[in-house]
Amino acid sequence: MDFDDADVFEEFHRLGWTDGLPVVAPTPERVAALLDHAGLSPDSVLGTIEARGRSLSAGLAAANAVMAGCGPEHFPLAAAALCAMLDPAFNAHTVVTSTGGAAFCLLVSGPVTTELQMATRHNALGSGNRANAAVGRTLRLVARNVFGARTGEMDASSIGHPGKFTLCLAEDEPPAPWEPLRVELGYGVEDSTVTILGTEGPRQVANHLNPSPEGILTTMATAMRCPATYPVGKGHQAVVVLGPEHTAALTGAGRTRAQVREHLAEASRVTPAEIEAAGVLLEVGTQHDMTPGRDGRLPTVLSPDDIFLVTAGGHGAGWSAYIPVWAPTLHSVAVTRRVPAPGDGLPSR
């Protein structure tokens with residue numbers, strides 16, 4: 001059956017192939033343009049979810065990327081993000097079936113952010129940028145259309161949040177002497193990378209009047225240790241987004257990235273009494289070990305390495321953000337892939 005572009009959304013919506021927003025018709029010509037730009041054949045396999053018994057071909061990935069609004073130039077990044085999503089360590093099956101309603105949070109670092117004109121400063125976590133929106137949206141459409149993650153079927157989100165439409169953050173290169181995220185993760189400064197985490201929604205962190213690094217880090221640690229966040233006390237991973245004012249205060253005081261992560265990992269530890277005072281009961285006899293350490297406290301993040309520190313955002317009064325992972329590392333961990341150059345084919349580790 002043939003459809004005009006104007007009729008595609010209505011038909012795809014009727015079939016359950018959309019996220020509720022309009023889609024671009026995935027014509028053979030549009031799909032082929034994405035595959036050709038990336039150097040991928042339609043039968044190339046990007047990954048598998050064993051629990052679903054389904055694999056993702058490059059052809060299906062490209063079709064969903066077109067629907068999400070990607071052009072050919074966006075597809076190498078989207079393909080790398082999909083390969084990261086399908087890494088067994090990320091455990092996509094659990095991420096999309098959990099009642100926690102996690103988003104696919106993407107952290108993009110490197111020259112690709114400039115090449116695609118991604119939003120790295122003002123509204124870095126908001127709307128208005130095609131690359132940020134379309135690349136992040138591609139993963140959700142693939143989860144829905146290829147792996148069956150639809151409400152009432154595979155997706156069991158109790159509440160969910162808007163990041164499930166798209167949540168793609170591009171790093172603004174940090175000021176010297178700080179190195180960018182990709183270098184901290186072991187890649188070259190000339191590389192471009194994408195890291196995926198299954199997260200809750202972002203929380204804005206405000207500290208407008210205190211210029212001291214101790215004050216800024218205390219504010220962030222307070223946001224991190226909130227017992228209403230499910231994995232607090234169980235050990236999870238997290239994204240800390242530092243805006244320009246807070247970054248300048250920390251670098252100006254000589255704080256290294258490692259020192260910032262170490263401080264936050266320690267300062268975000270909580271006592272059982274703090275958790276119980278919030279009305280949350282400690283889990284006993286479950287898969288989550290909530291035995292306090294020698295200091296009598298429980299971890300929010302298991303180690304400083306579980307904090308993914310990203311500089312982004314525009315100048316203002318002093319804003320940063322915190323994005324917690326929706327569950328402990330027992331269930332899912334972050335995965336990073338190198339973004340290939342156009343024509344280079346499948347992404348690599």
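What follows is a chat about the labels and the values behind them.

Modeller: Before we start, this is a predicted model, where local features need pLDDT of at least 70, side-chain atom pairs count only at pLDDT 80 or more, and totals for chains, interfaces and linings use all residues. Residues are numbered from 1 along each chain as its sequence is written, and side-chain values use heavy atoms, with hydrogens and water left out.

Biologist: Why is Arg182 called buried?

Modeller: Buried means under 20% relative accessible area, exposed means over 50%, and partly exposed is in between (1.4 Å probe, protein chains only). Arg182 has 3% relative accessibility, so it counts as buried.

Biologist: What makes Arg182 and Glu173 a salt bridge?

Modeller: The rule asks for a side-chain nitrogen of Lys or Arg within 4 Å of a carboxyl oxygen of Asp or Glu. In this pair the closest N and O atoms are 2.8 Å apart, so by that definition it is a salt bridge. Glu173 is partly exposed, because its relative accessible area is 39%. The structure holds 19 salt bridges.

Biologist: How do you know that Glu200 and Arg203 belong on that list?

Modeller: Their side chains meet at 2.6 Å, N to O. Glu200 is buried because its relative accessibility is 17%, while Arg203, at 29%, is partly exposed.

Biologist: What makes the Glu214 and Arg255 pair tie together separate parts?

Modeller: Those side chains also form a salt bridge, at 2.6 Å from N to O. Glu214 lies in helix 9 (residues 213–224) and Arg255 in the loop between helix 10 (244–252) and helix 11 (257–267), so the pair links parts that are 41 residues apart in sequence. Helices here are DSSP runs (H or I, at least four residues), strands are E runs of at least two, and both are numbered from the N terminus. There's a network too: salt bridges with shared partners join Glu184, Arg257, Arg261 and Asp305.

Biologist: Which residues of helix 10 are buried, and what covers them?

Modeller: Pro244, His246, Thr247, Ala249, Leu250 and Thr251 are the buried ones. Their cover includes strand 6 (203–206), helix 9, strand 7 (238–242), helix 11, strand 8 (307–311) and strand 9 (319–324).

Biologist: Why is Gly243 called buried?

Modeller: Gly243 is at 1% relative accessibility, so it gets the label. It sits in the loop between strand 7 and helix 10. Leaving aside neighbours within four places in sequence, Gly243 is in contact (heavy atoms within 4.5 Å) with Ala312, Trp319 and Ser320.

Biologist: Is Gln117 buried or exposed?

Modeller: Exposed, because its relative accessibility is 64%.

Biologist: And which peptide bond is cis?

Modeller: The one from Ala176 to Pro177, with omega near 10°. Pro177 is in the loop between strand 4 (168–170) and helix 8 (181–184).
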